[in-house]
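Biologist: Could you take me through the surroundings of the ligand in this model, and then show me what else is worth a look in the fold?

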Amino acid sequence: MKKAVKRKKLIYFDYNATTPVRPEVAGAMAPYLDPEAGLWGNPSSVHFPGQEARRAVEDARAGVARFLGASPEEIIFTSCGTESDTAAIKGAAFAAKERGKGGHIITSSIEHDCVLFCCEYLRTQGWDVTFLPVDSSGLVDPDEVKKAIRKDTVLVSVMHANNETGVIEPVAEIGRICREREVVFHSDGIQSAGKIPTRVSELNADLFSLSAHKLYGPKGVGVLYARKGTRLHPLFHGHHERGRRAGTENVAGIVGCAAACELAGKDMVRDAEKVAKLRDRLEEGILRSVPCVFRNGPKGGRIPGTSNLSFEYVEGEGCVMLLDLEGIAVSTGSACASGTTKASHVLRAMGVPGNLAQGALRFSLGHFNSGADVDAALEAVPRVAAKLRSMSPLWEDRTKGVETRITPPDRFLGLRPPRP
Ligand code: PLP
């Protein structure tokens with residue numbers, strides 16, 4: 001068995017990449033991983049261990065449905081958020097095609113890569129895709145969705161909250177427009193679920209994705225809510241999940257996902273208040289103590305916990321590495337984009353200039369963070385930024401008064417001014 005890696009105390013500010021499994025969740029899962037407990041059966045088997053596993057899956061389905069304000073038949077378990085998003089988009093697109101409906105899909109330019117790549121793939125297969133722009137706050141304008149809907153539009157997919165900036169999109173309004181025009185509306189709720197209310201009827205969503213590992217559940221489990229009557233083609237063919245997603249269910253993972261949703265429902269208000277306070281203190285402290293740092297996205301209208309800051313004259317990756325040496329885990333944006341030096345497509349879509357997008361750091365705080373974590377970061381971040389800048393000739397010129405700014409901040413208000 002792999003031993004835990006011992007390092008100095010970890011200060012974790014990367015909850016949007018993944019979260020630790022909460023002990024209550026691990027406790028709920030444990031019997032389904034214990035060979036002695038006799039709960040490891042295949043839920044499709046008719047014998048006792050199989051039926052015990054089936055009961056656990058169905059109880060979990062009911063629990064997740066309660067969390068989303070849905071009915072159990074509307075819940076499909078998948079293997080991750082990526083699968084849920086893909087099953088929603090390809091599933092709705094293929095189902096529409098089968099019925100001879102048009103081939104136009106609308107999404108936004110700030111979606112997670114799994115949505116963008118899926119839409120890009122469909123484009124290679126003959127679908128027409130509109131990637132809507134956002135304003136400098138990272139918001140999709142519902143009026144632009146309205147204008148983009150055509151006779152042949154079969155699906156609109158706009159995320160509930162952005163993974164890099166935390167900005168909350170006006171999905172209820174977009175969903176209302178889609179319903180009026182009888183277009184299926186999918187929303188990726190992977191970053192919002194557990195952080196802000198996600199009752200699907202209030203969001204007017206026909207399809208809604210979540211991922212257990214983003215809300216203190218295990219990795220390897222996702223959920224796709226599919227509103228009754230929404231037509232979907234399955235990605236995997238067979239009889240499980242009412243023919244909508246074949247494959248033997250990940251029983252322990254599904255139980256963990258439901259336990260995580262239940263805890264999230266109970267703790268959401270308290271956690272949101274605590275985490276937003278910590279995030280605001282961290283953000284304000286950095287903005288005050290480090291020169292030439294800019295917030296990406298608005299101050300309000302974000303999920304609690306997420307702060308995306310651009311450090312001018314600093315490479316985000318360098319900052320991530322130096323902070324890691326100090327035991328502080330942050331990221332430059334989406335986890336999948338880390339390790340590459342490509343500037344974030346989300347920040348670029350918001351009109352953030354290249355040099356500032358390259359200097360972006362995402363701090364995402366969560367349930368286990370404390371004031372002491374914020375204090376430690378407020379001590380380390382200015383020091384790390386100063387160290388990196390001391391190696392930058394551009395910063396040296398600037399301190400000598402030479403104008404080196406490639407892109408003044410007042411020009412970073414993007415392609416389109418924010419909506420009032
Ligand atoms: N959508 C968003 C907004 C995400 O943040 C992520 C993960 O970072 C995903 C989709 C993919 O989820 P998963 O890691 O469960 O495949």
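Modeller: Happy to! Let me begin with residue classes: Ala, Val, Leu, Ile, Met, Phe, Trp, Tyr, Cys and Pro count as nonpolar, Asp, Glu, Lys and Arg as charged, and the others, Gly among them, as polar. By that scheme, the shell around the ligand divides into four nonpolar, seven polar and three charged residues. This is a predicted model, in which local features need pLDDT of at least 70 and side-chain atom pairs count only at pLDDT 80 or more, while totals for chains, interfaces and linings use all residues. Residues are numbered from 1 along each chain as its sequence is written, and side-chain values use heavy atoms, with hydrogens and water left out.

The ligand is surrounded by 14 residues, where a residue is near if one of its heavy atoms lies within 4 Å. The closest are T82, D188, Q191, S211 and K214. Helix 3 (residues 81–98) gives the most to this shell, with three residues; helices (H or I, at least four residues) and strands (E, at least two) are DSSP runs, numbered from the N terminus.

Now for the ligand's oxygen atoms. One lies 2.8 Å from a backbone N or O atom of G81. From the side chain of Q191, an N or O atom is 2.8 Å from a ligand oxygen, and for the side chain of H213 the corresponding distance is 3.0 Å. On its own the ligand has 390 Å² of accessible area, and the protein covers 90% of that (Shrake-Rupley method, 1.4 Å probe).

H233 is partly exposed, at 26% relative accessible area (buried is under 20%, exposed over 50%, partly exposed in between; 1.4 Å probe, protein chains only). Leaving aside neighbours within four places in sequence, H233 is in contact with G91, F94, A95 and E98, contact meaning heavy atoms within 4.5 Å. The C-alpha atoms of H233 and A95 are 5.2 Å apart, although 138 residues separate the two along the chain.

Conventions. Polar contact = N/O pair within 3.5 Å; in protein donor to acceptor, adjacent residues only side chain to side chain.
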